[in-house]
Amino acid sequence: AEVGAEERWIDVDTATQTLVAYEGDRPAYATLVSTGRAGRATETPLGVHRIWVKLATSDMDDLEREDVERNYRIEAVPWVQFFEGSNGLHAAFWHDRFGARHSHGCVNLSARDARALFDFTAPHLPPGWSAVLPTSRAPGTVVRVR
């Protein structure tokens with residue numbers, strides 16, 4: 001109900017750790033993912049969201065957190081698409097555990113899958129740009145997480 005008949009959208013199933021990209025009701029791309037581990041601070045947020053920013057690369061960390069045993073900092077994470085706060089779709093080159101929960105809340109993808117989905121979703125990143133925000137004429141792609 002949130003998307004048009006031919007609109008592109010993404011469905012993330014946390015139970016099966018799969019992602020399917022659709023054009024309307026037709027599946028266009030499917031892959032394994034790693035969503036957030038169990039726990040209030042690391043679960044991937046469920047619900048229907050829209051991509052609110054796309055970044056060719058982004059630095060990621062949790063250095064401000066004092067309630068974790070170990071902090072992390074990763075520079076130049078590629079193909080980032082945030083859909084709910086700091087949670088998003090992105091490549092994860094530091095592990096290959098796709099198909100199992102592993103992240104801090106994001107939807108981790110292989111670099112190849114992350115790039116394919118980055119090109120699939122809206123808004124499109126113009127050549128030479130490093131980031132793009134949706135507009136009313138080019139809204140962000142719907143991401144359903146269940």
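User: Why is Asp-62 called buried?

Analyst: Its relative accessible area is 4%. Buried means under 20%, exposed means over 50%, and partly exposed is in between, with a 1.4 Å probe and protein chains only. The 4% of Asp-62 is under the 20% limit, so Asp-62 is buried. This is a predicted model, in which local features need pLDDT of at least 70 and side-chain atom pairs count only at pLDDT 80 or more, while totals for chains, interfaces and linings use all residues. Residues are numbered from 1 along each chain as its sequence is written, and side-chain values use heavy atoms, with hydrogens and water left out.

User: Where is Asp-62 found?

Analyst: Asp-62 is in the loop between strand 5 (53–61) and strand 6 (73–84). Strands (E, at least two residues) and helices (H or I, at least four) are DSSP runs numbered from the N terminus.

User: What makes the largest pocket a pocket, and what is its volume?

Analyst: On a 1 Å grid over the protein atoms alone, a pocket is an open set of points with protein on both sides within 12 Å along at least five of seven lines; in a cavity, by contrast, a 1.4 Å probe fits but cannot get out. The largest pocket has a volume of about 740 Å³, where volume is the space filled by probe spheres set on the points, and points are joined across faces, edges and corners. A lining residue has an atom within 4 Å of a point. There are 27 such residues, and Asp-61, Asp-62, Tyr-72, Ser-103 and His-104 are the closest to the centre of the pocket. Strand 5 gives the largest share of the lining, three residues. At least two lining residues come from each of strand 5, strand 6 and strand 7.

User: Why does Asp-11 count as buried?

Analyst: The relative accessibility of Asp-11 is 3%, so Asp-11 counts as buried. Asp-11 lies in strand 1.

User: How do you know that the side chain of Asp-11 makes polar contacts, and with which residues?

Analyst: A polar contact is a pair of N or O atoms within 3.5 Å; within protein, one must be able to donate a hydrogen and the other to accept it, and residues adjacent in sequence count only if both atoms are side-chain atoms. The side chains of Asp-11 and Arg-144 are joined at 2.8 Å, and those of Asp-11 and Arg-146 at 2.8 Å. Both distances are within 3.5 Å, so both pairs qualify.

User: What makes Asp-13 buried, and which side chain does the side chain of Asp-13 meet in a polar contact?

Analyst: Asp-13, found in strand 1, has 14% relative accessibility and therefore counts as buried. Its side chain makes a polar contact with the side chain of Arg-146 at 3.5 Å. A polar atom of the Asp-13 side chain also lies 3.3 Å from the backbone nitrogen of Thr-16.

User: Why is Trp-94 called partly exposed?

Analyst: Trp-94 has 35% relative accessibility, so Trp-94 counts as partly exposed. Trp-94 is in the loop between strand 7 and strand 8. Contact means heavy atoms within 4.5 Å; leaving out residues up to four places away in sequence, Trp-94 touches Ile-74, Val-77 and Asn-108.

User: What makes a set of residues a nonpolar core, and which residues touch the most other members of the largest one?

Analyst: The set must consist of buried Ala, Val, Leu, Ile, Met, Phe, Trp, Tyr and Cys residues joined through side-chain atoms within 4.5 Å. The largest core has 16 residues, of which Ile-10, Val-12, Leu-19, Leu-89, Val-107, Leu-109 and Val-143 touch the most other members. Helix 1 gives the most to this core, three residues. Another core lies apart from it, with seven residues, including Leu-55 and Phe-82.

User: How do you know that the buried residues of helix 1 are on the same side?

Analyst: The buried residues in helix 1 are Asp-113, Ala-114, Leu-117, Phe-118 and Phe-120. They cover an arc of only 160 degrees around the axis, so they are on the same side of helix 1. The arc is taken from the directions from the helix axis to the C-beta atoms.

User: What is the phi of Gln-17, and why is Gln-17 counted as buried?

Analyst: Gln-17 has a positive phi of about 55 degrees although it is not a glycine. Gln-17 has 3% relative accessibility and so counts as buried.
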